[in-house]
Amino acid sequence: MCGIIGYVGPRECRDLLLEGLRRLEYRGYDSAGLSLLGDDDIGSVHAVGNLERLRDAVADGNGHLRGSTGIGHTRWATHGRVTEANAHPHSDTSNRVHIALNGIVENWSELRAQLEAAGAKFTSETDAEVVAHLIAQHLDGDLTEAVRRAYNELRGHYAFVAMSADHPGVLVGARKECPLVVGIGKGESFIASAIPAFLAETRNVQLVQDGEIVELTSEGTRFVEPVSGQPIEREVEEVDWDDEAAEKGGYETFMLKEIHEQADAVAETLAGRLDSEAIDLGDIGISDEFLRNVRRVIIVACGTSYHAGLVGRYSIETWARVSAEMDVASEFRYRNPLLDERDLVIGISQSGETADTLAAMRLARERGAKVLSITNIMGSQATRDADGVIFTRAGLEIGVAATKTFVAQVIAMQLFALKLAGLHGTLGPEVTTTLITQLRRMPHMIAELVDSVDEQARRIADQFKDCGFFLYLGRHVGLAICLEGALKLKEISYIPTDAYAAGEMKHGPIALLDENTPVICVATDSPVLDKMMSNIAEVQARGAHVVAVATEGTHVDAEEVIKVPRTDWLLQPALAIIPLQLVAYYIACARGLNVDQPRNLAKTVTVE
Ligand code: AGP
């Protein structure tokens, strides 16, 4: 998740762009850059590190970087290391076309080969740079037409903004799934990944829909359909957000904003890693040879990351038929575990700084095991305490209660499990292709689900907000989701809540039930759904209220049934958690609590 900003108008725009990048820094901040169109050429500055570094680099330029047409970018590296050369904006060989891109260009390597064969000189390791060279290749007096032609050759998931030294006063943006929005000012126009980037300057916005191109000048905009080149009408809407709301993207809290960013977080985490019949995680730092001969996988983590690990364990054992264990890190590190060089230990930590998880990873290394880190933060300690890393790409998560990083971790674990299955030849090509096809659709399904269950979640929250105890039940991979759903309710509503393997309920917790108890059941389709149905019947027999999360097309007898789209049963967790996040969220809001900063909790637990 990167941040893009662009300006065209009468004003000197260097500081406008820097301020826009500051407001987008939550999207990525490992490096940044600006390009401004001066008198007759484009000046550019890149810097590694946070925005202060870029400000310093711009200041060092003694004001050389000037212009009233410009673009800026703050990066969250996916392709290519964190270096100045890999920072955006990128340019073509003649430095006449500059672009800033958020997302992934999946067919970049074949395009790069073609462009290099045609004489293009590349200066970075990124996938994005091909876009600058491709536009330059098509440029023939009309920047928008060149962008349109380039757009139709690109495959992937991205949004970008282009400028050309031969077309002063013009910016052209293009969107394919990644967010892009335009701001209309008086005699000036803005374009960005998110509205807060220019909200201090204008409240008049035009949303760029998926699969659209937009040309910006100081006079206004022109929207174009990329394939036909036909013009598209687009209304201007007024945004009534104050600054605080702006930081939250117009949502009332960071948690709700991040719940709505889950589709993007999953799309980013998947992007560039799905081939038609196989998973390509690139160089994760651990060899395929080792993974083919691995004896056992042990996953260690804390809190929400532990629950993602549980889903990962089921996925590894079911798809790759490799023995997999899961342990909370604070227990693993003191249980004197038996490990050797044939074992792989996976440490999951969104922050990459959780003390118990880091200690567990270090212990594993000392005992000779290979260690893989799954983290959301580049440069975090976990990346240094591991032999290999798989990054989730959820962007910065500010709400203490993890949401988008959880679904991104689940997806990252499932990508790893599918890669392992590919190396062990345990899944036929048909099954693999089906799973990959469903993973590709996951961002879309999540985006739709967040909106479609919102009203039902509010109703359920309103019905049970005053209850003094909740029980969550699940089986198999559904257990991980009921544990996570319960954790969300506990940490933001402070209601005493328990989560149990449904088969265990009759061995004790059933005593907690009465006609006032809400019981949240994760009853998505799975090999044990009928068992789950019997547990629901046991609960109903005690008069308790049952709210069930179920798969489209299945029948579950409960007071409230929240349906999630049908996929392979092992892909249900990333969907099933969403209604549970929303129910917990609305209950906490109904109780007037600060969901972004719950009591007694820190976003990152660096103490043991
Ligand atoms: C989850 O909502 C909590 N913030 C907490 O349980 C968290 O998951 C745990 O502290 C682990 O954090 P990590 O993923 O950064 O290691």
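Some ground rules come before the tour. Residues are numbered from 1 along each chain as its sequence is written, and side-chain values use heavy atoms, with hydrogens and water left out. The model is predicted, so local features need pLDDT of at least 70 and side-chain atom pairs count only at pLDDT 80 or more, while totals for chains, interfaces and linings use all residues.

Let me start with the sheet. Helices (H or I, at least four residues) and strands (E, at least two) are DSSP runs, numbered from the N terminus. Two strands pair if DSSP finds at least two bridges between them. What is the order of the strands in the open sheet? It has 8 strands, in the order S3-S2-S4-S1-S10-S9-S11-S15, and the pairing is antiparallel. The edges are strand S3, residues 42-48, and strand S15, residues 237-238, each of which pairs on one side only. At the S15 end, strand S11, residues 204-207, pairs with S15 in the antiparallel sense over 2 bridges. There, asparagine 204 stands opposite glutamate 238 in S15.

Helix H1, residues 14-24, packs on this sheet. It touches strand S1 (3-8), strand S2 (31-37), strand S4 (69-75) and strand S10 (189-192), where contact means heavy atoms within 4.5 Å. The direction of H1 makes about 155 degrees with that of S1. For such angles, axes are lines fitted to C-alpha atoms, for helices over the stretch in contact, and the angles run from 0 to 180 degrees between N-to-C directions. Helix H2, residues 51-60, lies across S2 and S3 and runs at about 140 degrees to S3.

Next, the rings. Rings of Phe, Tyr and Trp (its six-membered ring) pair if their centres lie within 6.5 Å; planes under 30 degrees apart count as stacked, over 60 as edge-to-face and the rest as tilted. The structure holds 5 aromatic pairs. One of them joins phenylalanine 190 and phenylalanine 198, at 5.9 Å centre to centre with 35 degrees between the planes, and is tilted. Buried means under 20% relative accessible area, exposed over 50%, and partly exposed in between (1.4 Å probe, protein chains only). Phenylalanine 190 is buried at 3%, and phenylalanine 198 is buried at 1%. Tyrosine 585 and tyrosine 586 make an edge-to-face pair, because their ring planes stand at 75 degrees, with centres 5.3 Å apart. Tyrosine 585 is buried at 0%, and tyrosine 586 is buried at 8%. Ring pairs also link Tyr7, Phe190 and Phe198 into a cluster.

Now to helix H8, residues 262-270. Why is H8 described as largely enclosed by the rest of the structure? The reason is that 9 of its 9 residues are buried. Glutamate 268 sits in this helix and is buried at 2% relative accessibility. Leaving aside neighbours within four places in sequence, glutamate 268 is in contact with Met1, Asn102, Gly103, His157, Cys178 and Arg393. After H8 comes glycine 272, with a positive phi near 80 degrees.

Helix H10, residues 303-320, contains serine 315. Is serine 315 buried or exposed? Serine 315 is buried, at 0% relative accessibility. Its side chain reaches the backbone oxygen of valine 311 at 2.8 Å. Not counting residues up to four places away in sequence, serine 315 touches Ala320, Gln414, Ala417 and Leu570.

Last, some backbone exceptions. Most residues other than glycine have a negative phi, and most peptide bonds are trans. Arginine 321, in the loop between H10 and strand S17 (324-328), has a positive phi of about 50 degrees although it is not a glycine. Arginine 321 is exposed, at 62%. Tyrosine 494, in the loop between helix H17 (477-493) and strand S22 (497-501), also is not a glycine but has a positive phi of about 60 degrees. Tyrosine 494 is partly exposed, with a relative accessible area of 23%. The charged end of arginine 599 sits over the ring of tyrosine 494, 4.0 Å from its centre; this requires NZ of Lys or CZ of Arg within 6 Å of the ring centre and within 35 degrees of the ring normal. Which peptide bond is cis, with omega near -5 degrees? That is the bond from histidine 88 to proline 89, and proline 89 lies in the loop between S4 and strand S5 (90-91).

Terms used. Polar contact = N/O pair within 3.5 Å; in protein donor to acceptor, adjacent residues only side chain to side chain.
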